[in-house]
Amino acid sequence: MDCRHQSHCQACSTKAGGAMKGSVSLPAPPSEVLRAGELEKRSDSLFQLWKKKQVVLSRDRLSLSAPEGGGGGKAKALRFGAIQKVDCVERTGKYVYFTIVTTDRKEIDFRCPGESGWNASITMALIDFQNRRAVQDFKSRQEAAEQAAADTRDRRLARAP
């Protein structure tokens, strides 16, 4: 399958898409906005038109909604737990094109004005989230191992004459 960026992206290799699934997010201060602004998202329709979206980047998600005054609609959240990576960054004269790849291999294409740096902001927030999750996972495994050792020690003492 060819890259949906067409001539804009020579580095991409498109993978089969799938339905995006939710995930458990890490505790974070509520509504901690790292950045807000506008991006364009490629639609999934036959014509693959670019649609403007209001975007809010926080510590655990990227929220997308219709542009201000562009009609109602509920904001959609891409939780970082469901995002694998930000991929396929390609620069043209006017835009930077990038793809968010979800854990179930769905690809969501975005573009933003040249030097806005949205792709870097999203990538850094994703890396921060993944690092926090790795530390939390390590601590959980360490606590479980300590608990198992304590349980084993308690059973040995209970059997001792």
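Let me start with one side chain: Glu-38 has a relative accessibility of 35%, so Glu-38 counts as partly exposed. Before going further, note that this is a predicted model.

Where does Glu-38 lie? Glu-38 is in strand β1, and in the pairing with β2 the residue standing opposite Glu-38 is Gln-54. The salt-bridge partner of Glu-38 is Lys-52, with 3.8 Å between the closest N and O atoms. Because Lys-52 belongs to strand β2, this pair ties together parts that are 14 residues apart in sequence. Lys-52 is also partly exposed, at 45% relative accessibility.

Now the two strands themselves. β1 covers residues 33-42 and β2 covers residues 50-58. They run antiparallel and are joined by 9 bridges. The loop between β1 and β2 contains Leu-49. Together with Leu-46 and Phe-47, Leu-49 makes a nonpolar surface patch of about 410 Å².

Next, the sheet. Strands β1 and β2 are part of an open sheet of 7 strands, paired antiparallel, in the order β4-β3-β2-β1-β7-β6-β5. At the edges are β4, residues 76-79, and β5, residues 83-91, each of which pairs on one side only. On average, and with direction ignored, neighbouring strands of this sheet are turned by 35° against each other.

What packs on the sheet? Helix α1, residues 118-159, does. Helix α1 touches β1, β2, β3, β5, β6 and β7. The direction of helix α1 makes about 160° with that of β5.

Back to charges. How many salt bridges does the structure hold? The number is 7.

Glu-32 is partly exposed, with a relative accessible area of 29%.

The other joins Arg-61 and Asp-60, and here the closest N and O atoms are 3.1 Å apart. Is Asp-60 buried or exposed? Asp-60 has a relative accessible area of 9%, and buried means under 20%, so Asp-60 is buried. Arg-61 has a relative accessible area of 21%, which makes Arg-61 partly exposed.

Definitions and conventions: Residues are numbered from 1 along each chain as its sequence is written. This is a predicted model: local features need pLDDT of at least 70, side-chain atom pairs count only at pLDDT 80 or more; totals for chains, interfaces and linings use all residues. Side-chain values use heavy atoms; hydrogens and water are left out. Two strands pair if DSSP finds at least two bridges between them. Helices (H or I, at least four residues) and strands (E, at least two) are DSSP runs, numbered from the N terminus. Axes are lines fitted to C-alpha atoms, for helices over the stretch in contact, and angles run from 0 to 180 degrees between N-to-C directions. Contact means heavy atoms within 4.5 Å. Patches are made of residues with over 30% relative accessible area and no salt bridge: like charges are joined within 9 Å, nonpolar side chains (Val, Leu, Ile, Met, Phe, Trp, Tyr) within 5 Å. Accessible areas come from the Shrake-Rupley method with a 1.4 Å probe; for residues, only the protein chains shown count as cover. A salt bridge is a side-chain nitrogen of Lys or Arg within 4 Å of a carboxyl oxygen of Asp or Glu. Buried means under 20% relative accessible area, exposed over 50%, partly exposed in between (1.4 Å probe, protein chains only).
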